[in-house]
Amino acid sequence: MEHPIAVRELTKVYGAGPTAFRALDTVNLEVERGEVMLLMGPSGSGKTTLISILGCILRPTSGSVKILGKEVTRLGEKQLPRVRLENIGFIFQGFNLFPTLTAGENVELALDLKGQRGPAAKRRARGFLEQVGLGPKYDSFPADLSGGEKQRVAIARAVATEPQVVLADEPTAALDWHSGRTVMGMLRELAHRHGRAVVVVTHDNRVVEYGDRVVRIEDGRILNDSTEPAPLDESSVISNQSSVVSFQ
Amino acid sequence: MPPLAERNLFHDRVRLAVTLTGVVFAVVLIVVQLGLYVGFSRTTTALVDMSRADLWVVSKNVPYIEQGIPFSERKLYTVRATLGVAEAQNYIVRFTRWKRADGQEEAIQIVGVNPESTMGQAWNIVAGRREDLKVDDSVFVDRIYFPKLGVRGLGDTAEIVGRRARVVGLTQGIRTFTTSPYVFTNYRNALDYANLREDQTMFILIKAQAGVNVEDLRRRLQAGLTDVDVLTRQQFSDMTRHYWLYTTGAGMAVLMAAVLGLLVGVVVVAQTIYSSTMDHLREFGTLKAMGATNAYIYKVIMRQAVIAAVIGYALGISLSILVVHESGKGGANIVLPWQLGVGMLGLTVAMCVAAAFVSINKVTKIDPAMVFKG
C-alpha cells in the first residue's frame with residue numbers, strides 16, 4: 001500500500017541568481033498511515049515551506065511529491081484544489097476560523113465544499129463538533145470561544161472532509177499547555193485510531209511525547225529522523241482529555 | 001452554502017451603510033434622470049402622439065411641431081379627395097402672446113382645432129366640454145399653468161394679440177417642453193390669435209379609412225401634394241423628439257447625468273466590496289487552502305454584491321417613487337413607467353456585479369500559502 005505522503009529529492013529555491021535562497025534541499029521523506037510525525041526545527045529551517053508543499057499549496061522547484069501514491073507535482077493549478085479537498089486537512093496556528101460563521105457553520109463550510117448541504121450536512125457538522133467535545137457550542141461564534149475550543153473547532157473542520165492526511169502548523173502555539181495537550185491528544189487519536197497520516201510542525205518540545213516520529217530540519221535539510229521519541233505516558237494523556245469523545 | 005456572503009456583508013454595519021448609500025444614490029439618480037428623459041420625451045411629442053391622426057401634413061422640411069410654417073389651406077381639399085382618407089382637418093400650432101389681467105405678457109402656443117373633429121383635441125379635460133370651444137373667444141388652459149397665465153378658473157379672461165380670450169375649459173397635466181403653455185381654441189379663433197390668413201394653415205391632420213394601409217396612403221398623398229411633407233404620426237413624433245432631446249442637447253445632458261450616477265454607484269460599491277474582500281483575505285486564503293475553487297470564492301463575492309444590489313434597489317426605488325410623486329406637484333415632469341422600475345433592478349444588479357470584479361481579480365491572485373503566516 002502506498003504511503004499517504006512520499007517525498008523524493010524535494011528542493012525549493014526562492015528567487016534566482018546570486019540572491020537565490022534554497023529553502024529545501026533534496027529532502028526525502030515518507031509518512032506512514034496511523035503515524036504522528038513531528039517536524040521540528042528553528043525558524044527559517046524550511047518547516048513551513050515543506051508543509052506548504054506537502055499540502056499542495058506551494059510548488060517545489062524539483063523533486064517528487066506523492067499524495068496517496070499520486071504524483072502531484074505534475075498536476076495543473078486547477079487540479080490542486082481537488083487534491084487538497086479530497087485528501088488533506090489543515091490545522092493552522094491562528095485557527096483560521098471564519099469569524100462571521102458559528103462553530104457549526106465553520107464545519108458545514110468544509111462539507112459544503114464537498115457538495116454536502118442541507119439538514120444532513122448540519123447533522124454531520126454537529127457530529128464532528130461533538131467528537132471534539134463541542135456539541136453544545138454549535139451556535140457559538142469564534143469570538144465567544146477559548147483558544148483551545150477554537151482549535152478543536154478547527155480540527156473538526158479539518159476532519160469533516162475525511163482526509164487521509166492531516167497537516168497541522170504549530171497547532172499549540174497560541175494555546176495554554178492544558179489546551180495544547182488536549183489538541184495533541186486529538187491529533188494522536190486521529191492517527192492511531194483512525195489511521196490518518198498526521199504531520200505536525202512545531203517548535204514546542206513539550207509535544208514530542210505525542211509524536212511517533214520526530215524529523216528535525218535545519219537549513220532546508222533533514223538532520224535526523226527519529227522513530228523513537230520519548231515514550232508517552234498514555235494514562236497522563238487520557239486523564240487530561242476527560243472532555244474529549246473519540247473520533248468515529 | 002453557509003451564509004458567509006451575508007455575514008461578511010452585514011458584519012460591518014458602517015461599511016454596509018456606505019455600500020447601500022452608494023447603491024441608493026445611483027438608483028435614485030438614474031431613475032430620476034431616466035424618468036426626466038421619459039417625461040421630456042413624452043412632453044415634447046404629446047400633441048403629436050395624442051392627436052389621433054394617422055398622418056400629418058407639414059410644410060416642407062419642417063423638423064418639429066413647434067417650427068411649423070404656414071402653407072395654403074387649399075391642400076386640405078386635395079387631401080380630402082384622396083382615396084382612403086376618412087377625415088382631414090386643418091390644425092394650427094403657433095407661438096403667440098398671452099396678456100394677463102394684470103398686464104403681464106407670457107408666450108404661449110395656440111392650438112387651433114375643429115371642435116367637431118375626432119383629431120387634435122385637448123385631453124385630460126377636467127372642466128368644461130369640447131363643444132364649449134365652438135364659442136368665439138373660448139379657450140382651454142391647463143391647471144399647471146394657472147400661475148403663469150394669471151388664471152384662477154373657468155370664466156377668467158385674458159388677451160391674445162389684442163383679442164379677448166375666455167377660459168371655458170380646463171385640462172390637467174398637459175405640459176410643454178418649451179415652457180410656453182398650450183392654449184386650445186377653435187380653428188377660427190386660432191387664425192386670429194396666430195395672425196394667420198384665412199387661406200393659411202400650419203398642419204393638416206388625416207385619419208385613414210378602416211383597413212387602409214397608412215404607409216400606402218402616405219405615399220399617395222405625398223405624390224399628390226407639393227411643397228409639403230406627408231408624415232406618419234410616428235415619424236413626426238420621432239422627428240420632434242429627436243430635435244428636442246438630441247439637437248438641443250437636453251436629452252444628452254439628462255442621459256449623461258444618468259451615466260454619471262451609474263459610474264458613481266459602480267465606484268462606491270467596488271470600493272466597499274474591495275475593502276470587505278481585503279478584510280477577509282485571510283478567510284479566502286483559508287478557503288483556497290481547504291480546497292475551494294476560484295469559482296466557489298467568486299460565488300461568495302458575487303452573492304455579497306447581489307444582496308447589496310437588491311437591498312439598495314429596494315431602498316432606492318422607494319425613495320425614487322417619493323421623488324417622482326413630489327415632482328408631479330412642481331414643474332418637473334418625471335415619469336416612472338413600470339418598465340423603468342423593473343429594468344432598474346437588472347441594472348442595479350449588473351452594476352454591483354461589475355463592481356465586484358475588482359475584488360474577484362484580487363482573490364484570484366491570493367497565495368494560499370499566506371494562511372501559514374501567523
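Two strands are taken to pair if DSSP finds at least two bridges between them, and strands (E, at least two residues) and helices (H or I, at least four residues) are DSSP runs numbered from the N terminus. The structure described here is a predicted model, in which local features need pLDDT of at least 70 and side-chain atom pairs count only at pLDDT 80 or more, whereas totals for chains, interfaces and linings use all residues. Residues are numbered from 1 along each chain as its sequence is written, and chains are lettered from A and ligands numbered from 1 in the order in which they are written.

In chain B, strand β8 (residues 163–171) pairs with strand β7 (residues 157–160) in the antiparallel sense through 4 bridges, and within this pairing Thr157(B) stands opposite Arg166(B) of β8(B). The hairpin of β7(B) and β8(B) has 2 residues between the strands, and Val161(B) adopts a positive phi near 40 degrees there. Strand β6 (residues 138–142) of chain B is joined to β8(B) by 5 bridges in the parallel sense, with Leu170(B) in β8(B) as the bridge partner of Val141(B). Strand β5 (residues 125–127) of chain B is antiparallel to β8(B) and pairs with it over 2 bridges; here Ala127(B) has Leu170(B) as its bridge partner.

Chain A contains an open sheet of 4 strands in the order β2-β1-β4-β5, with antiparallel pairing. The edges of this sheet are formed by β2 (21–31) and β5 (70–71) of chain A, each of which pairs on one side only. Strand β4 (residues 62–67) of chain A runs antiparallel to β5(A) and is joined to it by 2 bridges, and Ile67(A) has Lys70(A) in β5(A) as its bridge partner.

Two packed helices are described by the angle between their axes and the distance between the axes. Axes are lines fitted to C-alpha atoms, for helices over the stretch in contact, and angles run from 0 to 180 degrees between N-to-C directions. In chain A, the axes of helix α5 (residues 147–160) and helix α6 (residues 177–192) come within 9 Å and cross at roughly 15 degrees. That crossing makes α5(A) roughly parallel to α6(A), a class that covers angles under 35 degrees. Residues are in contact if their C-beta atoms, placed from the backbone, lie within 7 Å; those joining the two helices include Gln151(A), Arg152(A) and Ile155(A) of α5(A) and Thr182(A), Val183(A) and Met186(A) of α6(A). By class, the residues of this contact divide into 5 nonpolar, 5 polar and 1 charged, where Ala, Val, Leu, Ile, Met, Phe, Trp, Tyr, Cys and Pro count as nonpolar, Asp, Glu, Lys and Arg as charged, and the others, Gly among them, as polar.

In chain B, helix α11 (residues 294–327) and helix α12 (residues 338–364) pack at an angle of about 145 degrees, with their axes 8 Å apart. The contact of α11(B) with α12(B) has 19 nonpolar and 6 polar residues, and no charged residues.

The contact between the chains takes 24 residues from chain A and 21 residues from chain B. On the side of chain A that touches chain B, α1 (47–54), α2 (80–87) and α3 (103–113) of chain A each supply at least two residues, and α3(A) gives the most, with 6 residues. The residues of this side of chain A comprise 11 nonpolar, 7 polar and 6 charged.

Key:
Angles under 35 degrees count as roughly parallel, over 145 as roughly antiparallel, 65 to 115 as roughly perpendicular and the rest as oblique.
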